[in-house]
Amino acid sequence: MEERVSVQSQTLHSEFGEDLRLPLRNMVQGLREVVSQLREGESLWRSEDFDLQFFWKTLGDCFKAISQEATKLSLAFSKPPLPSVQDCQKLTADFQKNILNLTTVYYWLPKSQDNQVAVLSLMSSSAAIVEDALEEMEQARHADNPDPFSDIFDDADSRENRDTYWSETDKQLMAPCLGLVKAAKACLKKVSGAMKTHGKVDSLQHTTQLDDLGDITCEISPSVDELVLSLYPPMNYMTVQMNAAKVASVLNKVLEITKSSHICPESENSWLQFLSGAIEHNMDKVKDLTQGST
């Protein structure tokens, strides 16, 4: 089977003259430039002149057109004979034209539209990652066997290496570190809830505040991952303290931005204070337990 696929690939490659490759290369380069522009550009459309229903209909039409052109392009190269250079140029040109149409429609969307949904989606993804990291570490921590690598090493000699085991001091340090991870989980949950209840996209100020929350909450899951990874034996206490401090710093920044935003009326102050206290409490315990390691 592998030999047959290899022969077919070589045959296809040999039939690809340089003239046929050129429009494909140009198409790929054009797509890269479009992606770069989408990442950097912003809409200048005014919200008061914007028709959201028409936008979604037009955007859907663009996606359908791109799907049709992509199908044509795929079918043209799915089996011999390969398309002529002229046909290839037309196929790639039609595909790029529809991509540019999609880009144009995308730029119709004012910055004030649909931002709340986008930020909530980011928070949901971060929360799932934090939840997975917490569950993984809790399971390893509460296992009867103090060796978290027991399902990796099956060599008795390797398993006797004490560097694969948690010491009693390690276990004590894990508690406040996991407390910070739990605070991260609670923080994402509470901020998401406040955004669903109070979030607005009716002004540039409100939209910018949601953007700021989206940016800072995206830093939570990477910092949690770094902390959890540093908890596996052998622990380096200085590294654990640094990673714990990073998580605490990010969470405090999230609470600070949340408190100063429109999604945080007085009714939300109680959980903000509670989480702030929990972060401080667990970070103080981490510092106490790693004292002398820095």
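Predicted model: local features only at pLDDT ≥ 70, side-chain atom pairs only at ≥ 80, totals over all residues.
Me: Why are α10 and α11 called roughly antiparallel?
Reply: The axes of helix α10 (residues 237-259) and helix α11 (residues 269-289) come within 10 Å and cross at roughly 165°. An angle over 145 degrees counts as roughly antiparallel, and therefore α10 is described as roughly antiparallel to α11. The crossing of these helices, α10 and α11, is left-handed.

Me: Which residues make the contact of α10 with α11, and how many of them are nonpolar, polar and charged?
Reply: On the α10 side the contact is made by Gln241, Ala244, Ala245, Ala248, Leu251, Asn252, Leu255, Thr258 and Lys259, and on the α11 side by Trp271, Leu272, Leu275, Ser276, Ile279, Met283, Val286 and Lys287. By class, this contact of α10 with α11 has 11 nonpolar, 4 polar and 2 charged residues.

Me: How do you know how α8 and α10 are oriented to each other?
Reply: The axes of α8 and α10 come within 10 Å and cross at roughly 170°; since the cut-off for roughly antiparallel is over 145 degrees, α8 and α10 are therefore roughly antiparallel to each other. In this pair, Asp212, Leu213, Ile216 and Thr217 of α8 meet Val250, Lys253, Val254, Ile257 and Thr258 of α10, and by class the contact has 5 nonpolar, 2 polar and 2 charged residues.

Me: What makes the largest nonpolar core a core, and which of its residues touch the most other members?
Reply: A nonpolar core is a set of buried nonpolar residues joined through side-chain atoms within 4.5 Å, and the largest such set here has 49 residues, of which Met137, Val191, Met195, Ile220, Val224 and Leu251 touch the most other members. At least two residues of this core are supplied by each of α5 (115-142), α7 (168-198), α8 (204-217), α9 (220-230), α10 and α11, and the largest share, 13 residues, comes from α7. Leaving aside residues up to four places away in sequence, Val191 touches Met123, Leu213, Val254, Thr258, Ile263 and Trp271.

Me: Which residues of α9 are called buried, and what covers them?
Reply: A residue counts as buried at under 20% relative accessible area, and in α9 the buried residues are Ile220, Ser221, Ser223, Val224, Leu227, Val228 and Ser230. What covers these residues includes α5, α7, α8 and α10. In the protein, 38% of the 294 residues count as buried.

Methods
Residues numbered from 1 in each chain as written. Heavy atoms only, no water. Axes fitted to C-alpha atoms, helices over the stretch in contact; angles between N-to-C directions. Helix = DSSP H or I, 4+ residues; strand = E, 2+ residues; numbered from the N terminus. Parallel < 35°, antiparallel > 145°, perpendicular 65-115°, else oblique. Left-handed = near helix turned anticlockwise from the far one by under 90°. Contact = heavy atoms within 4.5 Å. Nonpolar A, V, L, I, M, F, W, Y, C, P; charged D, E, K, R; others polar. Buried < 20%, exposed > 50% of the residue type's maximum accessible area, 1.4 Å probe, protein only.
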